[in-house]
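User: I've just opened this one and I'm new to it. Can you walk me through what the labels rest on?
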Amino acid sequence: MLSSVEARYLPNEMLATHRDLFDTFDANTGLYRTIAYSICRNRDDAEDALQDSCVNLLSRTLPRRGSNLVQWVARVVTNAAIDHQRRLHSHPTSELCEGFDRPLCDSTDWPLVDGYNYSVEQMLKELPSDQREAIFLVDVVGFTLQETAELVGAPLGTVKSRRNRARARLVQSAAQEAILPRSA
């Protein structure tokens, strides 16, 4: 891929055109749909990712003529599908149903309401320091995973893993402490 400086100074005849990209996309739609579906595992999400990749094709710096456009577009589709999945997981949504404005349970279902804050604080203290740090920075302070990784000097995957392990331990502790509502 060209840097923006290279793209600015290369003659236009040395660059592929948007028409070339979309002709490649049209000729290989099945391949790109398969790539998107293999990442998203959902037909609708895969179609959304393909739409995102079309927008990305228009906004990207064009590759050089003679580049492997099939591979280049495949990379754009792959990145769009991964980004789409990240957006879905970072902002999960659910459909509203009848009675969504009613409380989920009666306050009597929460046996430790008075001690709730203390119990959560105690559970956080019981976490290993690296897990407590990850969950605190992301879920309490509000840093992104990338920012947290930079702050603690760990790879992004390590921070994600620590945070997920911390969440799992908190859920397990909350269930043992009877902080979670009893299931009906």
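Analyst: Happy to. Let's begin with a term: a pocket is an open set of grid points where a 1.4 Å probe fits, with protein on both sides within 12 Å along at least five of seven lines. Keep in mind that this is a predicted model. The largest pocket holds about 390 Å³ of space.

User: Which residues line the largest pocket, and which lie nearest its centre?
Analyst: The lining has 14 residues, and R86, H89, S90, L145 and R163 are the ones nearest the centre. By kind, the lining splits into six charged, four polar and four nonpolar residues. At least two lining residues come from each of α5 (69-90), α7 (129-141) and α9 (156-176).

User: How do you know that the largest pocket lies between domain 1 and domain 2?
Analyst: Look at who contributes to the lining. Domain 1 (9-91) gives residues to it and domain 2 (114-183) does too, so the pocket lies between them.

User: What are the elements of the chain, from the N terminus on?
Analyst: They run α-α-α-α-α-α-α-α-α. That's nine helices and zero strands. As for burial, 28% of the chain's 184 residues count as buried.

User: What makes F25 and Y32 a stacked pair?
Analyst: The structure holds one aromatic pair. Its rings, those of F25 and Y32, have centres 5.5 Å apart, and pairing asks for centres within 6.5 Å, so they pair; their planes sit at 20 degrees, and under 30 degrees counts as stacked, so the pair is stacked. F25 and Y32 are both buried, too.

User: Which residues of the largest nonpolar core touch the most other members?
Analyst: F25 and Y32 turn up again here, along with L21, L57, V73 and V77, in a core of 21 residues. Two or more core residues come from each of α2 (18-27), α3, α4 and α5. The largest share is from α5, with seven residues.

User: Why is R41 called exposed?
Analyst: Its relative accessible area is 62%, and exposed means over 50%, so R41 is exposed. You'll find R41 in the loop between α3 (29-40) and α4 (43-59). R41 also has a positive phi of about 60 degrees, although it is not a glycine.

User: And T61, why does that one count as partly exposed?
Analyst: T61 has 24% relative accessibility, while buried needs under 20% and exposed needs over 50%, so it falls in between and is partly exposed. T61 is in the loop between α4 and α5. Along the chain T61 and A16 are 45 residues apart, with 9.7 Å between their C-alpha atoms.

User: Last one: why is Q131 called buried?
Analyst: Q131 has a relative accessible area of 6%, and buried means under 20%, so Q131 is buried. Q131 is part of helix α7. From Q131 to T158 the C-alpha distance is 10.0 Å, and they are 27 residues apart in sequence.

Conventions. Residues are numbered from 1 along each chain as its sequence is written. This is a predicted model: local features need pLDDT of at least 70, side-chain atom pairs count only at pLDDT 80 or more; totals for chains, interfaces and linings use all residues. Side-chain values use heavy atoms; hydrogens and water are left out. On a 1 Å grid over the protein atoms alone, a cavity is a set of points where a 1.4 Å probe fits but cannot get out, and a pocket is an open set with protein on both sides within 12 Å along at least five of seven lines; lining residues have an atom within 4 Å of a point. Grid points are joined across faces, edges and corners, and a volume is the space filled by probe spheres set on the points. Helices (H or I, at least four residues) and strands (E, at least two) are DSSP runs, numbered from the N terminus. Ala, Val, Leu, Ile, Met, Phe, Trp, Tyr, Cys and Pro count as nonpolar, Asp, Glu, Lys and Arg as charged, and the others, Gly among them, as polar. Domain bounds come from an automatic or database domain assignment. Rings of Phe, Tyr and Trp (its six-membered ring) pair if their centres lie within 6.5 Å; planes under 30 degrees apart count as stacked, over 60 as edge-to-face and the rest as tilted. Buried means under 20% relative accessible area, exposed over 50%, partly exposed in between (1.4 Å probe, protein chains only). A nonpolar core is a set of buried Ala, Val, Leu, Ile, Met, Phe, Trp, Tyr and Cys residues joined through side-chain atoms within 4.5 Å.
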